[in-house]
Amino acid sequence: MRRLEVADGLPFYHASDEGMPIVALIQYAEAEPSEAKKAEAIRIAEEIMRWKLSVSHETANPFDYPMVECGTSAEPIRQFFFPHNTTAAPWWQGDNARIASIAAAACELAHYTADEKLKEECIDMSFHPLDWIMGLNPFDACCIEGYGRNNIRYYWRYRYDYLNAPGGICNGITSGMDDEEDIEFVTEPNDVIDDNWRWAEQWIPHASWYIYALAALTV
């Protein structure tokens, strides 16, 4: 099992699109006329997904949340949410695009893999991130504006006139501001945080991957 890496040992994916390499391999396999190359593409996609599942299942994980590994191969960081201190710093925010992309990748791979155990695990991973976004999370909060309950309000410098669009998906839940092993979803201003864009702001990749995953589930 392995993750895709660039030359310096860093993971070969953006924090918002972790499932994209698997999706790209499958789309390549669909267009590739050579059966040998098609099979190799699917094999690599399976290997990456097995690695992702192993990372996510190595600790207690009641929501079956797709855990993340960042850092280099020599110094990997494994935790539930995208970490603060990476080469992308100071950029970090809620994981909704990342986990929806993994749901999409898992659903796509479930259609192609001949490994029955992997297929079953992929089907589970197709649903759990979407359930999390829809509200099956520790905050009982639906991240889709106007649906479910406990939608987060977007504020900036104590102002609440930054309105989210109905049906849009917010950035989502993160690790703690000061503790990578904590969990955070800031809904009200406090002495430390006077804006909550990291959690409340909507972003097209969240909705795009969510729609992609739902579409893949209906095929």
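1. A disulfide, as used here, is a pair of cysteine sulfur atoms within 2.5 Å. Please keep in mind that the model is predicted. The sulfur of C143 has its closest cysteine sulfur in C170, at 3.9 Å, and because the cut-off is 2.5 Å, that pair is too far apart for a bond. C143 itself is buried, at 2% relative accessible area.

2. E46 is buried but has no salt bridge, and R50, the nearest side chain of opposite charge, is 4.0 Å away. Leaving aside residues up to four places away in sequence, E46 touches L109, T113, A114 and L118.

3. Now for the backbone. D64 is a residue other than glycine with a positive phi, near 50°. You will find D64 in the loop between α2 and β1 (68-71). With a relative accessible area of 11%, D64 is buried.

4. Y158 also goes on the list for its backbone: phi is near 70°, a positive value in a non-glycine residue. Y158 sits in the loop between α4 (116-134) and β3 (174-175). Whereas D64 is buried, Y158 is partly exposed, with a relative accessible area of 49%.

Notes. Residues numbered from 1 in each chain as written. Predicted model: local features only at pLDDT ≥ 70, side-chain atom pairs only at ≥ 80, totals over all residues. Heavy atoms only, no water. Buried < 20%, exposed > 50% of the residue type's maximum accessible area, 1.4 Å probe, protein only. Lys, Arg positive; Asp, Glu negative; His and termini not counted. Contact = heavy atoms within 4.5 Å. Helix = DSSP H or I, 4+ residues; strand = E, 2+ residues; numbered from the N terminus.
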